[in-house]
Amino acid sequence: MASSAPADAMRLRSRIWSWVTTTDHKRIGILYGVSAFAFFLVGGLEALIMRLQLASSDNSVVSAETFNELFTMHGTTMVFLAVMPLSAAFFNFVVPLQIGARDVAFPRLNAFSYWVFLLGGLFMNVSFLVGAAPNAGWFGYANLTSTQFSPGLHVDFWAIGLQVLGIASIAAGINFIVTIVNLRAPGMRLMRMPVFTWMTLVTQFIVVTAFPVITAALVFLMFDRTFGTNFYVVAAGGDVLLWQHLFWLFGHPEVYILILPAMGIVSEVVPTFSRKPLFGYAVVVYSGLLIAILGWGVWAHHMFQVGLGPIADSVFAATTMLIAIPTGVKIFNWIATMWGGKLNFTTAMLFSVGFIAMFIIGGLSGVMHASPPADLQQTDTYFVVAHFHYVLVGGAVLGLFSGIYYWWPKVFGRMLSESIGKWHFWLTMIGANLTFFPMHFIGLLGMPRRIYTYDAALGLDTMNLVATLGAFTMALGTLVFVGNVLWTWRKGEAAAANPWDGAMLEWAIPSPPPAYNFSVTPTVKSRLPLWSEDGYEPKPLPEDPPEPIHLPDGSYWPPVTAVGIIVAAAGLLTGSLWVALVGIGVLVVGIYAWALEPFEV
Amino acid sequence: MTHAEATHQTSTGLDSRKIGMWVFIGSECLMFGSLISTYLVYHGKSVAGPTTREILNIPLTSISTFVLLMSSLAMVLALAAVTRNDIVWSRVWLATTAFLGLVFLGFQAFEFTTFVREGLTLQVSLFGSTFFVLTGTHGAHVAVGVLWLVSLLVRSFQGKLGAEKALNVELAGLYWHFVDVVWIVIFTVVYLLQ
Amino acid sequence: MSEQLQHDEQAHPGVGTYLTVAGVLTVITLVEVGIFYVPAFQGWLAPVLLTLSATKFVLVVGFYMHLKTDHHLFRVIFTVPLLIAVAVMVALLFLFGVVAL
């Protein structure tokens, strides 16, 4: 039957529209993944420009002002718009499948979180178009961020944008906690859950407790800037350290938010490709919980140089060294898992093993920071930059790529190319080490952070050049990954339900999964459902659902409500009461319509 | 799927929305905790403007505190009424809660305008900034609560708030009581421990 | 109405309890305000008032929010963040020199 152009157009419109109104966790996961990756490229570009500028001394690729914007946005983008949402892509797609659920607890809230994140990220980046990109560092120290020292809209874009993103994160945090606590399949006891799901639960708990603190800090900042309050105003008796304490009370738990999901991924990938269950499952789970609690007690180790006094310094040094224990223990668990296992170095496994190696290095430099006297020399130098890039790039990013290679077949029903993948891995691994290892030395030799250029007399040109070459090597690796995706999109091998012979429930259903996930909700009998004789039932799951499963149609109120929020944010940014009121109006209408619409889960 | 089925299919046997509300309340503990901590850290450090002793009106605030406490009583009675399908009294108590909330807000508005007239503004001192942001945030939460309660009242008059919808009232109640409990802390810390 | 909700109702306090709690809350508030005005108590103000308001806090959370009678999961979900908030507050008071050891 010949199809007409208007009918085709209508079908395309409704297909696109279905993505806007979707409340399906799998689609939302894909949306998060694509958006996060796009922001990752943006953040990467910012890094490359910085590295071009720093490749040699007394360089002039960009001005100091632009450089400030670059390092601010690079950090903010990578933390809030790349790593966190990429983790969210996995929370969304994988967790409901791992616990045998049809969707998350609050599907519309889930969609809302995504749209608020996307609009918040765009809001922050629109600042570039108006020449007002945030420029006071991703940590925005007071009182550099006051209107006196940061005139213009730069800091307002940052503070308001982060508030918006915070809303998305807290909403998602609530959603996933309830999902994991309440929607597990029968028999899926907490201590039977996959480690990735456990780490997701722990991460979300950290999110919902830590983000409110930065919310308060940002509210104070916005009030200072907009209404002339005195929270960070020294002349009125205010203390700029209030900002630092509040920021790092959030900021330190935030780094665990960034790393725990990747650790969860590694805890899935390593056992699968060692053909052995995770060694010491309970220890890995409990250390995750311990990290979440102890993570609240270390924040001032970011402030050793402000003069906290010997008692505070000692207390935070001790707690910081203490938290190295649960963090490091996992390394032993992963290595013990591989020991005696039948190792298969797929790309996913390479990235996970790479994570372990890089995280050890990053962890070691981290423990070095734990000593206040040592840190006094390291802080605000490239030594710190080396540390956190080893744990964030070598750790979080490698872990996330591991997850991408591991779960790609499940998500898209196609295999990525293993041979191209190995190029991606090695380019990234070599590139990351080339970039960040020299920074340990550069830092200890005296090069401060956040400077746009340095003197030739320092003798750091060569090492900086090496770092820049490393950065471009990483970029090449990322391009190779993009090539892998494009190459296999149509030509890639079709994926079976369980191409890696994984142990968890997500591998029991087709790739990609049907809209309803499980034809019947399985009853789980083992921590390793697919590796155990009677791991779950019914085994196998029926191909088609025995009775029709109703799935929600989607809703357009979540994106509408998200638009309301961003319009209100724009009103606040521009100081326009009318715009703010319109935004609030849309927000209120969105909430009521959402509450009143008949939406059956 | 009915509400009852939804509850029965959960891992804990509890309704997801109730768990969600408690998680939200947990997160709000940190938010208000940060605001109260800031108030405490800056207490007594202002270099200008009226002081706590000069400006805080304990008798008046005691009354508004009492009003808010009684609104919590009205709220829990509203829930009890809805649960036993007593439509008339559920509306009475919901309306009472909302009304008392409005009265509290009225007291706040009066206090704020009086303070401003007497020289305590957002901008004049640390006390002004921390006081208004803390109590203002709390007041905003009360206002949202009042809107929520009025919405429930409207639903009731539409015949849509019977006993099977008791959870909706319970959720609003959890939120309302939490806002009350935050005020208990603020009243002690800001007013009585000035 | 489901069995689940009915079970809750059997567990929930009755109207009498609610009214009693309201009475206690009123009395405590009166005592708090009274203490505030009594010169003899000025030195003890902080510990006494904090204890009294903590009592009110527990009463409202326990009885009006039903934490006492509900599933213990809710107690965990509320208490952990609350403890973190209190710990953070105390730490900040020490760090800013508001209290000293």
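A residue is called buried if 20 or more other C-beta atoms lie within 10 Å of its own, exposed if 12 or fewer do, and partly exposed in between, with the C-beta atoms placed from the backbone. By this count, buried residues make up 29% of the 101 residues in chain C. The structure is a predicted model, in which local features need pLDDT of at least 70, side-chain atom pairs count only at pLDDT 80 or more, and totals for chains, interfaces and linings use all residues. Residues are numbered from 1 along each chain as its sequence is written, while chains are lettered from A and ligands numbered from 1 in the order in which they are written.

Chain C has four helices and zero strands, where helices (H or I, at least four residues) and strands (E, at least two) are DSSP runs numbered from the N terminus. Read from that end, the elements follow the order α-α-α-α. The domain assignment, which is automatic or from a database, gives domain 1 (3-70) and domain 2 (71-101) of chain C.

Two residues are in contact if their C-beta atoms, placed from the backbone, lie within 7 Å. Of the contacts in chain C with a separation of 6 or more, 53% join residues 24 or more positions apart.

Turning to chains A and B, 30 residues of chain A are in contact with 28 residues of chain B. On the chain A side, the elements that give two or more residues are α5 (154-182), α6 (195-227) and α7 (240-272). Here α6(A) gives the most, with nine residues.
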